[in-house]
Amino acid sequence: MAEEDINVCLTNYKSFFRNDIMRDKVAFVTGGGSGIGFTITETLMRHGCKTVIASRKLDRLRESARKLEAATGQECLAVKMDARNPQDVLAAVDQALSHYGRIDILVNSAAGNFICPASSMSFNAFKTVIEIDTIGTFNVSKAVFDTYLKDHGGVIINISATLPYKGSLFQLHASAAKAAIDSMTKTLCNEWGQYGIRVVGIAPGPIADTEGMRKLAGSLSRAAAARAIPVGRLGTKRDVADLTLYMASDVAGFISGDTIVVDGGSWMTSPNSLESAKMQLKSVL
Ligand code: NAP
Ligand code: COA
């Protein structure tokens, strides 16, 4: 059976915000062709923003850009780039600036993850995830800073995770990568505030209908996952996208350096013992 397309636009969308709050802005969203990055891009576009979505798979990016433009009436440019490669990143940012002339908002959503015990993780597996998440976030932030943000100000939003808060089992690589990203959020806030740049992080909990959940939830059913979360449900891509919109807007003008958790309280209550993780992840270990 063909896999269900999870990269679909929101239906019956009613905003909590004025629909022109992002008018005349341009956002560059890494990983914007799928999952959480896709819905973040859509939400920004629904509020007047023009966007660039950038990652490795150009065919999927183009298809996503087509869907996003059709649903929102705004423009979306698909750009191929591997976040690990500075030359690729510089070329992608250059393409975006040649097209729109500005980048006001950078959302670093590109990431890689898989379940793997540290004992069987290869040197290259650890390096790969650190390179995509942490080094990728630095590469794109630095490229957009050098070419635009330094002279015009703007907002950088790093999509993180709650994994590092309690040493999540079997995700040593992603946990370390996101901890480093949270640290960068603070340092770049301190160093780049003088240029009119805010740097914030967003740490989602378990978000339904994403590649992340597909790869990481193991045998845990949706209902069981929801029961373990204080608010009693999984997160939605829109939960993360609405917070991103808020953070990108001037309403959040006094927020910088912090990473805001959007997880319904999940990280505090989700089980994290070796036994529970082995049971839940038996099928992927
Ligand atoms: P996803 O759809 O797989 O998003 C990851 C994106 O990263 C893809 O669009 C992928 O596109 C891009 N990417 C991967 N490697 C790349 C590279 N080397 N260079 C450029 N782009 C690259 O997964 P998701 O679950 O929505 O995750 C999105 C973000 O939310 C991630 O930062 C993730 O850590 C975070 N998060 C997710 C959850 C969750 O429950 N899903 C929870 C906490 C945090 P290409 O394949 O085209 O490169
Ligand atoms: N378990 C253990 N090791 C794994 C693995 C798994 N499930 N998947 C990949 N690896 C290892 C590979 O074996 C390789 O190591 P090796 O050279 O020592 O054998 C290393 O990781 C790199 O894998 P490769 O497939 O070459 O990397 P890639 O750059 O093509 O892809 C990934 C990066 C592995 C992160 C891939 O899953 C990806 O593209 N992910 C993006 C989407 C995603 O993860 N979304 C969820 C975000 S939360």
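This is a predicted model: local features need pLDDT of at least 70, side-chain atom pairs count only at pLDDT 80 or more; totals for chains, interfaces and linings use all residues.
Local features need pLDDT of at least 70 and side-chain atom pairs count only at pLDDT 80 or more, while totals for chains, interfaces and linings use all residues. Residues are numbered from 1 along each chain as its sequence is written, chains are lettered from A and ligands numbered from 1 in the order in which they are written, and side-chain values use heavy atoms, with hydrogens and water left out.

View 1. Helix α4 covers residues 123-152, 30 residues in total; helices are DSSP runs (H or I, at least four residues) numbered from the N terminus. From first to last C-alpha, α4 reaches 40 Å, close to the 44 Å expected at 1.5 Å a residue (1.5 Å times one less than the number of residues). At Phe 145, α4 bends by about 60°, the angle between axes fitted to the seven residues ending there and the seven starting there.

**View 2. Polar contacts of ligand 2.** A polar side-chain atom of Ser 122 lies 2.6 Å from an oxygen atom of ligand 2. For Arg 84 the corresponding distance is 2.9 Å, and for an N or O atom in the side chain of Asn 124 it is 2.9 Å.

**View 3. The shell around ligand 2.** The shell holds 15 residues, each with a heavy atom within 4 Å of the ligand. Arg 56, Arg 84, Ser 122, Asn 124 and Lys 215 come nearest. Helix α4 gives the most to this shell, with four residues.

Technical notes: Helices (H or I, at least four residues) and strands (E, at least two) are DSSP runs, numbered from the N terminus. A polar contact is a pair of N or O atoms within 3.5 Å; within protein, one must be able to donate a hydrogen and the other to accept it, and residues adjacent in sequence count only if both atoms are side-chain atoms.
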